[in-house]
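Please look through the sequence and the model below before reading on.

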Amino acid sequence: MDFVNGSSQAPTNDVREDLQPAADLDHRFPAGLHNEVVYHSAPWKAEIGRWLSGCDSVANEVSILEMIGGSNCKNDCSGQGVCNHELGQCQCFHGYTGEGCSERLQLGCNLPQSPEQPYGRWVVSICPAYCDTTRAMCFCGEGTKYPNRPVAEACGFQFNLPSEPGAPKLSDWTKADLDNIFTTNGSKPGWCNVDPAEAYASKVKFKEECDCKYDCTWGRFCETPVLCTCINQCSGHGHCRGGSCQCDNGWYGIDCSIPSVKSSVREWPQWLRPAQVNVPDNAHLTGKVTNLNAMVKKRRPLIYVYDLPPGFNSLLLEGRHFKFECVNRIYDDKNATLWTDQLYGAQMALYESILASPYRTLNGEEADFFFVPVLDSCIITRADDAPHLSMQEHRGLRSSLTLEFYKLAYDHIVEQHPYWNRSSGRDHIWFFSWDEGACYAPKEIWNSMMLVHWGNTNSKHNHSTTAYWADNWDSIPSSRRGNHPCFDPDKDLVLPAWKRPDAVALSSKLWARPREKRKALFYFNGNLGPAYPNGRPEDSYSMGIRQKIAEEYGSSPNKEGKLGKQHAEDVIVTPLRAENYHEALASSVFCGVFPGDGWSGRMEDSILQGCIPVVIQDGIFLPYENVLNYESFAVRIREDEIPDLMKILRGFNETEIEYKLANVQKIWQRFLYRDSMMLEADRQKTAFGHVEDWAVELLQLIEDDVFATFVQVLHYKLHNDPWRRHIHLEKEFGLPRECLIGTN
């Protein structure tokens, strides 16, 4: 670190004159067979691939002035929050509020009671024992042997016997099961008094419906404290307390990654180093530094991350009633990482990558993009799970509740920050990870870039496609939602869904399996709708697409014992879960990619196992489809072509099949959130001195992942989005002049 006294100005020249002479990108980077241009092994749409090849590849670092905050907060947030030293505002922990986090909230576990419902109607937080009113969570409480043991949901209530043999027992939410919770009976103690050692030795019986649902503990009886899950695990500068970070003195942010003037410069994160720090001339006189300016070399695009009030993110994590909700990992009794199959884990992964990225900036004046971290996956999974998250005003619609969260986040950033109005929000980024994407984005933010997992342009399916009524958005009035589509390919981006790192699959290199070992022509394994045992009952499920596929090509008997009309030996369409799903995909040439209640993870499954995806969902963009050249590695079939599907697939010659398979092998890492996973691997190595098997496999991968692809798309958009051409910016971009045509 270099330290200098006095102030200095960041350079303001628009263009580096000495980089290289202008060149015609069209001639330097000709398109291939399908009008693709390859950059970093991936086939891009020609205009994007050319710009990345000629411009992204030669981008230089520029000097960025980062501002290190020194504002203080009232009473240092009373030990119940984190001080944002940029704004001088407290971010209070769950159950606390007020300017200095000194006011304690009363967040009840139960809804209003009545003679018929002495504990109120059912809600996830329902509690017949001790309610922790800072989090609306239910525990055994004082007077029991294990007062901090959870009494979650059915644990505390009696059961009604099943009405018929084999039917499940149903909880009676009007009758507390106090004996089975609190009794001290020696042979069958209540849940709150069960000694784990005696229970594991089968010396005592206990209520089997009680378990350990909350985060931060492990074991059948929650007897082992373990790491809680927080964003970036508080970056080594704080303590994770069940979803919220309690930052060390001098650090702040949702993951304690932002240094204040009180921090040691030597501990600053990599994205702020090396830095030339400007110490104010009068600092030696006052002994106090209110703000520091640090000059840091960075490459664009630069992303500013709003430090939103914690109700939009960390409080949702801290108050969750089921440890697997909202997160993509938890920790076992050895504090080793357990990756989850949480379908919406990409939202957390991308957020963590941005926060730890060299493309992050604290200087909103220099930022090219602004990320607004609202965790909709956690809003939806937690909707109505406690009285303070009631959906009563939203008629039970999770879609409406989620829209309200995004609208409140918009109100906050417009009120607290100056950046939105400069571009009418066009340079802002929001992530909608749920099934149908940004369909229920409030009208006020639609100018922004939407990150989604499913890009329904509404050109054909112009209404809510989910079969789950609580997520339906058709009835949200236009006064709140406007009349926008769910996806605009000119401004938005579809990102892959979360897939956990599987050491076995990675070490087996299923993605690289050659053509001759792929014996099945076509493979799809998943829910096929009401015609099949245990199938989804709604005819509208999957927009009817899976049902049509099964009717033509089903390889397993339906309820009537019938196979598909065109079933064939080398075509597998079945609802029966394969013993080894990944192996089955890797043994197939083509794999089906059909919707569920919106997106499904079938595109990711296909690509990660090296199978050519066959996409059937009209008017709907899949991951990267508006930036990568899909013809190079995928097949798109119209819904009305389903009866001819196998005829079309058998019509591809071996040269074309090999070409597509080769491109799948070149892009598969772009469907993996490796950057976020490696952040976790680094944390584990620091803590334990070694890395797990999954990390060993990931360390061998060198191609661009999801986050690298995302940054490349942003860099292209920075200089090619039409609206930016009308804004003159006195910025240094570190690019040749021909790359800046769209910007200046």
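Are Cys230 and Cys240 buried or exposed? In this predicted model, Cys230 is buried, and Cys240 is buried as well. Here a residue is called buried when its relative accessible area is under 20%. The two residues are partners in a disulfide, with 2.1 Å between their sulfur atoms. The location of each partner shows what this link connects: Cys230 lies in the loop between β14 (224–225) and β15 (238–241), whereas Cys240 belongs to strand β15 itself, so the pair ties together parts that are 10 residues apart in sequence. The angle about the S-S bond is 85 degrees, and the link of Cys230 and Cys240 is right-handed.

A disulfide is a covalent bond between the sulfur atoms of two cysteines. The structure contains 16 disulfides, and two further examples may now be considered.

One of them is formed by Cys140 and Cys192, whose sulfur atoms are 2.1 Å apart. The link of Cys140 and Cys192 is left-handed, with -85 degrees about the S-S bond. Both Cys140 and Cys192 are buried.

Another disulfide joins Cys92 to Cys101, with an S to S distance of 2.1 Å. The link of Cys92 and Cys101 is left-handed, with a value of -95 degrees about the S-S bond. Cys92 and Cys101 are both buried.

The next topic is the packing of two helices. How far apart are the axes of helix α7 and helix α18? Helix α7 covers residues 346–355 and helix α18 covers residues 674–688; their axes are 8 Å apart, and the helices pack at an angle of about 70 degrees. Because angles of 65 to 115 degrees count as roughly perpendicular, α7 is described as roughly perpendicular to α18. The crossing in which α7 passes α18 is left-handed.

Which residues meet where these helices pack? From α7 come Ala349, Glu352 and Ser353, and from α18 come Asp675, Ser676, Leu679 and Arg683. Sorted by class, the contact of α7 with α18 includes three charged residues, two polar residues and two nonpolar residues.

Note on methods
Residues numbered from 1 in each chain as written. Predicted model: local features only at pLDDT ≥ 70, side-chain atom pairs only at ≥ 80, totals over all residues. Heavy atoms only, no water. Disulfide = S-S within 2.5 Å. Buried < 20%, exposed > 50% of the residue type's maximum accessible area, 1.4 Å probe, protein only. Helix = DSSP H or I, 4+ residues; strand = E, 2+ residues; numbered from the N terminus. Axes fitted to C-alpha atoms, helices over the stretch in contact; angles between N-to-C directions. Parallel < 35°, antiparallel > 145°, perpendicular 65-115°, else oblique. Left-handed = near helix turned anticlockwise from the far one by under 90°. Contact = heavy atoms within 4.5 Å. Nonpolar A, V, L, I, M, F, W, Y, C, P; charged D, E, K, R; others polar.
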